[in-house]
Amino acid sequence: MAISKVPGDKVLGYLESRKNLTGGACGLLGLVLTFAGVAGPYWPVVVAGLYGAGALIAPPERPAVPDFPSPSAQLDEVRADFDRLGGYLADVDLPPEAAARLGGLTGLLGALLEPGWVAEALARDPEGVHTVSRAVRQDIPEAVDAFVRTRWWTRLAPGTEPPERHLERQLDLLRQEAERLAAELGEAEARRQESHTRYLQDRGGTGDGELSA
């Protein structure tokens with residue numbers, strides 16, 4: 001819900017605005033011209049006109065940009081949620097195959113989130129941060145919880161497809177997504193290295209053979 005400003009705040013805001021300050025400065029110039037005898041009997045019009053012109057040419061007020069958390073700060077929050085996810089998963093009884101696949105997935109996510117240069121590379125990729133955040137906060141909890149709930153129903157009505165098959169497929173898909181992200185981050189680092197090589201070659205005027213010699 002929008003909060004309306006009281007009239008006093010609006011008046012104070014205008015008095016402190018660039019428009020009023022610039023207009024006031026131009027109006028003061030009009031007074032100087034009046035005292036110098038330039039404006040003559042029309043000095044009120046001159047002062048008002050200069051004030052209005054100053055207010056018009058003043059740059060508009062620019063609202064402050066919201067202070068959103070940086071990617072690194074977002075990673076800190078995701079890392080804390082990943083720890084909470086680990087506590088939740090420790091209390092879930094999974095079949096051996098699904099547990100192994102889940103362990104591989106969480107191991108990869110944990111490596112990406114580990115503080116250090118890998119996490120710094122991830123922080124430079126907003127889409128990558130979103131992918132990891134979504135896996136930790138949504139995809140894995142939903143997959144595991146859906147398995148737990150569905151397994152209870154299949155015990156009442158046996159003969160349907162085992163719910164662990166769906167869980168295993170979901171974990172495989174999430175693992176593939178995490179592996180693609182890791183590969184993309186690795187490629188970005190490789191391109192960064194190649195760019196530095198080209199920069200050094202251009203700066204020194206050397207070719208590949210001269211650089212490697």
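How many salt bridges does the structure hold? The structure holds 13, a salt bridge being a side-chain nitrogen of Lys or Arg within 4 Å of a carboxyl oxygen of Asp or Glu. The model is predicted: local features need pLDDT of at least 70 and side-chain atom pairs count only at pLDDT 80 or more, while totals for chains, interfaces and linings use all residues. Residues are numbered from 1 along each chain as its sequence is written, and side-chain values use heavy atoms, with hydrogens and water left out.

**Helix H5**

Select residues 96-113, which form helix H5; helices (H or I, at least four residues) and strands (E, at least two) are DSSP runs, numbered from the N terminus. Helix H5 has 18 residues and spans 25 Å from its first C-alpha to its last, close to the expected 26 Å. The expected span is 1.5 Å times one less than the number of residues. Colour next the buried residues of H5, among them Ala98, Leu102, Thr106, Gly110 and Leu113. Buried denotes under 20% relative accessible area, exposed over 50%, and partly exposed in between (1.4 Å probe, protein chains only).

**Arg79**

Proceed to Arg79 in helix H4 (residues 71-90). Its relative accessibility is 18%, so Arg79 counts as buried. Display the contacts of Arg79 (heavy atoms within 4.5 Å): leaving aside residues up to four places away in sequence, Arg79 touches Leu113, Pro115 and Ala119.

**Between H7 and H8**

Select Glu177 and Arg134, whose side chains meet in a salt bridge (3.0 Å, N to O). Glu177 belongs to helix H8 (residues 163-204) and Arg134 to helix H7 (residues 126-156), so the pair ties together parts that are 43 residues apart in sequence. Both ends are partly exposed: Glu177 has a relative accessible area of 21%, and Arg134 has 28%.

In helix H7, select Arg149 and Asp145, which are 4 residues apart, about one turn of the helix. Their salt bridge has its closest N and O atoms 2.8 Å apart. Arg149 is partly exposed at 42% relative accessible area, and Asp145 is partly exposed at 30%.

In helix H8, select Arg175 and Glu179, again 4 residues apart, about one turn of the helix. Here the closest N and O atoms of the salt bridge are 3.0 Å apart. Arg175 is partly exposed at 31% relative accessibility, and Glu179 is partly exposed at 39%.

**A network**

Finally, select Asp81, Arg84 and Arg137, which are linked in a network of salt bridges.
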